[in-house]
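I opened this model to look up its disulfides and its aromatic contacts. My notes follow.

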Amino acid sequence: MNKNPLDNDVYPIDSDGAGGENLFAATCNFTDTHVAVTEVTHSIIEFTKVTTSTGMNITLNYTSSTVHQIKALVNYSNFCYQDVEYQCQNTPLINNGSDSFGYLVSYDGTKMDRFGVGYSDDVVGCACMVTGTCPEQHTCECDAKSSDWKWDEGVVVDKKYLPLTQAVFRPKTQTNQRAKISISSIKCSSRPIYFPINCVDAYKRGMKTGSIFIQPSDKVDPFFVYCDMEYISKTGVTIIRNEFETTTTITGKTTQVIYYNVTYVQIEALIKTHEYCYQPVKYDCKFTKFMGNGYAHWKGKGGSKKTYFGSTNFKENMCTCGAERRCGGTGNRQTVLNRLCNCDSSDSEWKADAGVISIKDDLPVRQLFASQPSHAETKLTIGKIYCADKQINLNECELGFHDCHVNATCLDTKTGFECLCNEGFLGRGTGKVATGRACPDDNECRLSMCPWSAKCYNLPGTFSCVCYSGFNQTGPTTCEDIDECAEGTHQCDENAKCFNTIGSYFCRCNRNFIGDGKVGDCHKIGICECFGDPHCVSFDQKWLHFQGMCKYTLLRDNCLNLNDTPSFRVEALFWNKDIPDQENSWVKEISVFIDDLV
């Protein structure tokens, strides 16, 4: 009924009727116009310090009732629950279930290896195991034994365990161990009530960061989500994890996305309570076709088919890069710019399509369908769902949900991300387009980045100038001529002179020597020479002093028989320069005779 004439007060309760358990007193709350709540308190609702050195056995003494009477109430009610919270410093709790420091005891005496895990009866540990947020290799937040104060809180809803009767803690000998526990009164009603609808509501109630039991709608059972009360200012962010947050190789056409201990219907009810929801996605590929070619789609809310992927501003049949006209892959400039998804390229280079789906009415991602050839290789990454009452600028670059080329830098922006090709990968000298998803290596050698005195080698993202022989490398792009003559690194003979040239040198044998000038190849020769008025030096280095104005034979063959006509001779004509009374003479001319030639 909408209006209850009864006040909130303590009433006698007979849950199992005549012949069963005796009447007992319980508090009845009629605040909600549709649901009445029966509550039975006990003695340790407030936090109780756990004595870690000696151990501790805490018995819950329920007010004005026995555990059997409360069990009758539990059996009669559609829904009952008890909140539990354990705060710790350097102190574990469940310890993976194998060596529990502390545990709850149920109505039937069961030592429970779970601590308030809601409906997830198959989970060993605490609520963080339900949401997938426990410290690595631990089943509770407290099991990591942090020196900072931590906490594990949860809700016991499985009626076979209710009411809780004890909390037991074994003694520990380590120093600086501190812990305290709180177990709420038991509340029963016709359906779940009092739980926050989402993490925004939980924040307003003063709840802390952690795994929190919520109920966004009375049409779904309550469930655990992770609430981050510090992700953005002055509100709570609801986070739901899934099994594809780690990049996973996928085979087959259909991939189902499984979320941590929550159904699609529950997620959709939760999303409906928020102003904004986001989910990052990434598809790594090689030899594939994708959304732009109609080879793939995904299913979202209610199983509806979606043909976009990432951040596309409501545009179908494309990916994030297609909406920006900045996809990658092979092909000429126009082909690349017209491409709608990176993974439509179907080439042999690993690439990806990624982004954040921000159309909350399409979430969650339930399933991906992709029809690929047998030789295709694909990987899928599905990010957490983030929901809040304020916009969230997820950093795709830090989260890894971008599709920038391996040789590009991802830059986070207010509306998404931008891919900037790194220096050296801008396609210069190649005629190819650089989009940030395609970053062709520059061909610096075609851009004449090296001097003429060096050979250019194109390298990934850079280049190398190697100076030719005869030059010193004075910088990455500079060469200096080596003066082999000055440095004494030449190979000229000791009877030769070195002449430096650009990039090399040459050798010339000294006078009285003949050869190429290199070491060991300057051979001594005889020379006949005349000079002065005149004086001559013969081949055997004897001085001859010719005087007067006569013609002398300086050189000839057939010297052994002077009557024979020589085939070769050299004659010198001396004169006094027509100076009167001049007794001195000079060489006027030299004639060389070879057979009949002069």
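**Disulfides**

I began with Cys421 and Cys439: the torsion about their S-S bond is -85°, which I note as left-handed. The model is predicted, so I kept local features to pLDDT of at least 70 and side-chain atom pairs to pLDDT 80 or more, while totals for chains, interfaces and linings use all residues. Residues are numbered from 1 along each chain as its sequence is written, and side-chain values use heavy atoms, with hydrogens and water left out.

The sulfurs of Cys421 and Cys439 are 2.1 Å apart, S to S. I count a disulfide when two cysteine sulfur atoms lie within 2.5 Å. Cys421 is in strand β31 (residues 416–421) and Cys439 in the loop between β31 and β32 (454–459), so the bond ties together parts 18 residues apart in sequence. Helices (H or I, at least four residues) and strands (E, at least two) are DSSP runs, numbered from the N terminus. Cys421 is buried at 15% relative accessible area, and Cys439 is buried at 6%. My cut-offs are under 20% for buried, over 50% for exposed and partly exposed in between, with a 1.4 Å probe and protein chains only.

How many disulfides does the structure hold? I find 18.

Next I checked Cys277 and Cys387, which are joined at 2.1 Å, S to S. This bond links distant parts of the chain: Cys277 sits in strand β21 (residues 276–286) and Cys387 in strand β29 (residues 385–388), 110 residues apart. The S-S torsion of Cys277 and Cys387 is about 120°, so I log the disulfide as right-handed. Cys277 is buried at 1% relative accessibility. Cys387 is buried, with a relative accessible area of 1%.

I then turned to Cys319 and Cys341, a disulfide with an S to S distance of 2.1 Å. Its torsion is about 85°, so it is right-handed. Cys319 lies in strand β25 (residues 318–319), and Cys341 lies in the loop between α6 (333–338) and β26 (351–357), 22 residues away. Both Cys319 and Cys341 are buried.

Cys28 is buried at 8% relative accessible area.

**Aromatic rings**

I count 18 aromatic pairs in the structure. Rings of Phe, Tyr and Trp (its six-membered ring) pair if their centres lie within 6.5 Å; planes under 30 degrees apart are stacked, over 60 edge-to-face and the rest tilted.

Phe101 and Phe169 make a tilted pair, with 5.8 Å between centres and 50° between planes. Phe101 is in the loop between β6 (79–89) and β7 (102–105), and Phe169 is in strand β13 (residues 166–169), 68 residues apart. Phe101 and Phe169 are both buried.

Tyr283 and Phe290 have ring centres 4.2 Å apart and planes at 10°, so I call the pair stacked. Tyr283 is buried at 0% relative accessible area, and Phe290 is buried at 0% relative accessibility.

I also noted one aromatic cluster, formed by Phe79, Tyr81, Tyr119, Phe195, Phe213 and Phe224.

**Charges over rings**

Here I need NZ of Lys or CZ of Arg within 6 Å of the ring centre and within 35 degrees of the ring normal. The charged end of Arg241 sits over the ring of Tyr260, 5.3 Å from its centre. Lys577 lies over the face of Trp586, 4.3 Å from the ring centre.
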